[in-house]
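Welcome, and please load the model in your viewer. We will take a short walk through it, one selection at a time.

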Amino acid sequence: MELQPLHLKNELVELIPLQPEHFDELFAVASDPLIWEQHPNPDRYKKEVFENFFKGAIESKGAFLIKNIQTGKAIGSSRLYDYVPEKSEIKIGYTFFSRDCWGKPFNKEVKRLMIEYALSEVDNIIFHVGANNIRSQRAMEKIGALKIGEETVAYFGEAARSNFVYAISKANF
């Protein structure tokens, strides 16, 4: 499975494979402390913390820069990761959006593109959501993901933290 297909795009958003030269553009979005307020790592708005996040995104070889089709502006990031062929499973996560996208269809459309692509290759998609991240938990429910458990997850170069596990399968999407 290709973790960074060349184009995932619709009339609202374009997902571009994340490259090192996207750092400044993406950090301009991520530098808003309110984006990370409910996140397991609330300091990700700080440049030195975001640098680690970005390094992990590049090394994952599955991260995307999300752009608003109408404006051409970067509005966030997401990624495909932890592909497990023998379980026909992949994870989608590390998603964040600029606050001007909140309450609008951007997350739903990004997830739809990623889910449809992933389910063309695998049977199951897993999402980890911070146990205190109510906003992201509601977003998971809105896209039809089912909460299936809780586990401690260590993000790239960060401390392990409690996360809820959500799933979407080919059978229930």
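This is a predicted model: local features need pLDDT of at least 70, side-chain atom pairs count only at pLDDT 80 or more; totals for chains, interfaces and linings use all residues.

Now turn to the two faces of β3. In a regular strand the side chains alternate between the two faces of the sheet. On one side you will find Ala63, Leu65 and Lys67, and on the other Phe64, Ile66 and Asn68; both faces are covered, and these residues are all buried.

Select strand β2 (residues 13-17), which pairs with β3 in the antiparallel sense over 5 bridges. For one of these contacts, pick Val13, whose bridge partner in β3 is Asn68. Then select strand β4 (residues 74-84), which runs antiparallel to β3 and is joined to it by 5 bridges. Here Lys67 stands opposite Ala74 of β4. Follow the chain from β3 to β4 and you trace a hairpin with 5 residues between the strands. Stop at Gly72 in its turn, where phi is positive, at about 75°.

Last stop: the largest pocket, with a volume of about 800 Å³. Select Phe97, Asn107, Arg135, Ser136 and Ala139, the closest to its centre of the 35 lining residues. Colour β5 (89-97), α3 (106-119), β6 (124-130) and α4 (134-142) to see the elements that each give two or more residues to the lining. By type, the lining residues divide into 18 nonpolar, 10 polar and 7 charged.

Methods: Residues are numbered from 1 along each chain as its sequence is written. Side-chain values use heavy atoms; hydrogens and water are left out. On a 1 Å grid over the protein atoms alone, a cavity is a set of points where a 1.4 Å probe fits but cannot get out, and a pocket is an open set with protein on both sides within 12 Å along at least five of seven lines; lining residues have an atom within 4 Å of a point. Grid points are joined across faces, edges and corners, and a volume is the space filled by probe spheres set on the points. Helices (H or I, at least four residues) and strands (E, at least two) are DSSP runs, numbered from the N terminus. Ala, Val, Leu, Ile, Met, Phe, Trp, Tyr, Cys and Pro count as nonpolar, Asp, Glu, Lys and Arg as charged, and the others, Gly among them, as polar. Buried means under 20% relative accessible area, exposed over 50%, partly exposed in between (1.4 Å probe, protein chains only). Two strands pair if DSSP finds at least two bridges between them.
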